[in-house]
Amino acid sequence: MTKLHIFFFGLVLLASTIVIPAQASALTLAEKASIQASMQRHVDGQLVDGALLYLNQKAGEVQRLHPVTAHPMILTMGDHYVLCFDFRNDSGKNVPVDYYMARRDSEYVVFHTAVADRTLLKRLMSDGKIARLR
Amino acid sequence: MNTKLALLKRLKVKLLAIVGLAFLALIVPGIWMLLHTTSLADEEMLATRIGNLTARTALALDRHQAYDHPFLARDLMSPLAADRAFLCAEVFKVGHQPVVAIPSSQGCPPGLDGNEIEIPISVEPKWHLRVLFTDAELRAARNFEYTLGLSAIAVAFLAAMIAVVAGFAFLVERPLTRLLTAIRNSSESGELQTANWRGSDEMGQVVHAYNAMVERERQREHTLVNTNEELRRSEADLSDLNRQLEDRVTDRTRELELAKKSAEFANFSKTRFLRAMSHELRTPLNAIIGFSDIMVQGTLGRLENDRYREFSADIRDSGRHLLKIINELLDIARIEAGQDTLEEEIVSVNVLMTECMRLVSPLAKERTIALHTSEIDPELVLDVDATKVKQVLLNLLGNAVKYTPNGSSVHVAVSLRPRHGDPRRGGIEFHIRDTGKGMSPDQIPQAMAAFERLDNEMTASQSGTGLGLPLAQMMIELHGGSLTLESEVGVGTTVSVWLPATRVGYMRSIINDIPPVQKAG
């Protein structure tokens, strides 16, 4: 290995240490808290007797989904955001619900709700259309 | 400066630089990404915690319509205040002053630094909840994690460097140092030394290979020393042999010189003896021949008894034969002693041959033998001792007639041999061919030797001295020519005499490549 190789090696190392911090978060902490609060308010607003009513088209029945945990991870899809919330049905089975949200002025609103449709989220992620917010 | 450069060129420093850079290139981005991911997760956790708490507080305020009940509102907002990131919270109608605040005495002053969330509590009228919270815990956690990460990097880096140095010293430096020491000692002392290191890794194999090479060199050197010793011994033996050989050669040379002197002396004695004896013999022999011839001729009176006349004739013929032998012996002795000289003169070949043929013709007629001669250019001459050449030709012709049966023929041919620019090839040739019984190849050398005769079955008429052919050969060789003999049993014998071109010429001019006669001397 020549000195030139060592120099370039060090340069790449330096560049990598500089580039990584530059990938700052696209949302501030306050905005993240706001979007989480907005989702929570939306979930609370949808509850009927403490449960989210979901029409299972395959089973042909309305299921009651009880909110359990909000995922801290925020995904981004262009100018929009995706947040996940874990629900549990009456039989105790976890049901994931993904909320697709958009910014409206200083607020955030849910424009699409995907109940028990994790396939959609995975497909969009594999297509590179949805990524983790940094 | 040179010391610094030398340090940088050391293998260990290079290895440390490579390993250190590779380690940092791998570990620093990894730790950095880990810290970043952890920090992001912490931030999301805090945002989720505060966001959920704020949303649930807003839900409680809305559900209890607590906008106009400050105490109730504060009670409902108290879980917010319990969070460690909480700074302050206010409930207000859009465009109006807050109606409820925590802390109740202060609310959210304008200069308070923090992160703000504002979410609607009710749609109509538009009540909002505003919460300020701090990210101090994130910063603290981040500082701690970064410090921990850097410490981990530093410790791991130091550990890696120590491991590299220790590993290098144990695995490479020690065997390398021993190998280098062995090489330096070998170079300084001039005697190959092995390196003391046992290992099965690559360095061990290098040292082993070096030791094997040293062993081979030692064996080779040992072999060379032995070979040199053998060579030295062989050289001494050879010198002894040479000395012995020289001594033997010297002894042999001395013996040969003695033998040569003895032979020369014997030859000289023989010649002197022959000359003396010939002289002593010829004087009385001439008297015997002369007196016996007088008796045969009856010069002083005819002998009465025919038997006495026959005896006298036998005495005369025997005397003449003896005289011929003596003369030929004298000639041979003179030639061998180098005392004979050529009396060169220009003589016509045609005349020479005619004279010879005339002299032998009586004997040929007596035996009814035909003599045939090839045509000879009358201008052709020789520069030779005419007496000796004539003696040679007469001898050869006489032999041919003598050894040819009665009624047969003898052929004589004279021809010129072109020399094609080479004086050694040209000249004149005399071929005398008889049709006698011939000789076998092993008899030819015998016929050319002095005193040797092949007359076991010969008649008296074929008797000779046994000196004719050797004497003829000597005389021709005195002229620079040669005499050869070819014979085949039952066919006949051909004797060829060759004289060189320098002894051949023409009376009128030079023809073809035959040069004119050059007078010797």
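This is a predicted model: local features need pLDDT of at least 70, side-chain atom pairs count only at pLDDT 80 or more; totals for chains, interfaces and linings use all residues.
# Confidence, a disulfide and a sheet

User: What is the mean pLDDT of chain A as a whole?

Analyst: The mean is 85. Of the residues in chain A, 81% reach 70 or more.

User: Where in chain A does pLDDT stay under 50?

Analyst: Over residues 18–25 of chain A. For that stretch the model has 10 contacts beyond four places in sequence.

User: How is chain A built along its sequence?

Analyst: The pattern is α-α-β-β-β-β-β-α-β. That gives three helices and six strands. Buried residues are 37% of the 134 in chain A.

User: Why is C84(A) called buried?

Analyst: The cut-off for buried is under 20% relative accessible area. C84(A) has 6%, so C84(A) is buried.

User: What makes C356(B) count as buried?

Analyst: Its relative accessibility is 0%. The limit is under 20%, so C356(B) counts as buried.

User: How do you know that C88(B) and C108(B) form a disulfide?

Analyst: The two sulfur atoms must lie within 2.5 Å. For C88(B) and C108(B), the S to S distance is 2.0 Å, so the pair counts as a disulfide. By this rule there is one disulfide over all chains.

User: Which parts of chain B does the pair link?

Analyst: Distant parts of the chain. C88(B) is in strand β1 (residues 86–93) of chain B. C108(B) is in the loop between β2 (98–102) and β3 (115–120) of chain B, 20 residues apart from C88(B). Both cysteines, C88(B) and C108(B), are buried.

User: Why is the disulfide called right-handed?

Analyst: Because the torsion about the S-S bond of C88(B) and C108(B) is about 115°.

User: What is the strand order in the open sheet of chain B?

Analyst: The order is β5-β7-β12, three strands with antiparallel pairing. Strands β5 (344–348) and β12 (504–506) of chain B are the edges, since each pairs on one side only. The twist averages 35° from one strand to the next.

User: How do you know that β7 and β12 of chain B pair?

Analyst: Pairing needs at least two bridges. Three bridges join strand β7 (residues 380–385) of chain B to β12(B), so the two strands pair. Among the partners, L380(B) is bridged to Y506(B) in β12(B).

User: Which helices pack on this sheet?

Analyst: Helix α7 (residues 349–366) of chain B touches β5 and β7 of chain B, and its direction makes about 80° with that of β5(B). Helix α8 (residues 386–402) of chain B also touches β5 and β7 of chain B, at about 100° to the direction of β7(B).

Note on methods. Residues are numbered from 1 along each chain as its sequence is written. Chains are lettered from A and ligands numbered from 1 in the order in which they are written. Side-chain values use heavy atoms; hydrogens and water are left out. Helices (H or I, at least four residues) and strands (E, at least two) are DSSP runs, numbered from the N terminus. Buried means under 20% relative accessible area, exposed over 50%, partly exposed in between (1.4 Å probe, protein chains only). pLDDT is the predictor's confidence in each residue, from 0 to 100. Contact means heavy atoms within 4.5 Å. Axes are lines fitted to C-alpha atoms, for helices over the stretch in contact, and angles run from 0 to 180 degrees between N-to-C directions.
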